[in-house]
Structures are given as C-alpha cells and as structure tokens.
Amino acid sequence: MTTNVATIKQTNSAVLTNSSVSVAVTATQIVGADSTRLGLLLVNVSDTTMYLGGTLVTVATGFALLANSTVYMDEEEAVVAWFGIHGGSGTKDLRVLAVTT
C-alpha cells in the first residue's frame, strides 16, 4: 500500500487529512478504524471500478465504487476500517479525505 498524507488544521477544531492509497488486486487497507473520524470522502480517480468493504473484501462481495466516482460516509460508517480491491491489473489510485476532531 502506498499512502501519501497531508493534514490541514481547520479553524473550527476539525482536521482534514488528505491521502492517496494505491489499491491492489488483493484487499488493501484504505483507512484504519478511528473513533475521532467524523466523515470520510473516497474518490476513485482510476479507470477501474473498486470494491469496498471489510478485511475480507472481494470483487464479488464489496460495494462498487465506479471509476471516477465519489462516496461520502459519516457517523457509524466513517469510524470503521475500510479496505478496497479491484479486478483490473496493477494498482489503482484512490483519494481519501478524512475529517477528524
């Protein structure tokens, strides 16, 4: 997993953390569990559908995140660990924006 991270402190006490994750053809951790996370924005900037889920996610069991599309999660969905996988070849780029307290 390749991750690039940039953190920006916001004036309202929330912190935005940008990162880039290289999702592979095996389950790749996108974010770890974090009880302080308020929201999570995932942007699939690749040309391939990615599939999201838990540690055992597969292309058959994951929730599809289409190529060049975005999903936003808040509250219960945002605090858990998320993994991704794709059915193409090589790695694909997923952008992540996490909002924490």
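This report describes the nonpolar core, the strand pairing and the salt bridges of a predicted model.

**Core.** The largest nonpolar core comprises 15 residues, and those with the most contacts inside it are Ile30, Leu40, Leu42, Trp82, Leu94 and Val96. At least two residues of this core come from each of strand 2 (15-23), strand 3 (28-31), strand 4 (37-44), strand 5 (50-53) and strand 9 (92-100). Strand 9 gives the most, with 3 residues. Beyond its neighbours within four places in sequence, Leu42 is in contact with several residues, including Ile30, Leu52, Leu65, Val71, Leu94 and Val96.

**Strand pairing.** Strand 4 pairs with strand 9 in the antiparallel sense over 7 bridges, and Gly39 stands opposite Val99 of strand 9. Strand 4 is also joined to strand 7 (residues 69-74) by 6 bridges, again in an antiparallel arrangement. Within strand 7, Val71 is the bridge partner of Leu42.

**Salt bridges.** The structure holds 2 salt bridges. Side chains of opposite charge can pair when their charged atoms come close. The two pairs are listed below.

| Salt bridge | Distance, N to O |
|---|---|
| Asp47 and Lys92 | 3.4 Å |
| Asp93 and Arg95 | 2.7 Å |

Asp47 counts as exposed because its relative accessible area is 62%, whereas Lys92, at 15%, is buried. In the other pair, Asp93 is partly exposed at 21% relative accessibility, and Arg95 is partly exposed at 41%.

How values were computed. Residues are numbered from 1 along each chain as its sequence is written. This is a predicted model: local features need pLDDT of at least 70, side-chain atom pairs count only at pLDDT 80 or more; totals for chains, interfaces and linings use all residues. Side-chain values use heavy atoms; hydrogens and water are left out. A nonpolar core is a set of buried Ala, Val, Leu, Ile, Met, Phe, Trp, Tyr and Cys residues joined through side-chain atoms within 4.5 Å. Buried means under 20% relative accessible area, exposed over 50%, partly exposed in between (1.4 Å probe, protein chains only). Helices (H or I, at least four residues) and strands (E, at least two) are DSSP runs, numbered from the N terminus. Contact means heavy atoms within 4.5 Å. Two strands pair if DSSP finds at least two bridges between them. A salt bridge is a side-chain nitrogen of Lys or Arg within 4 Å of a carboxyl oxygen of Asp or Glu.
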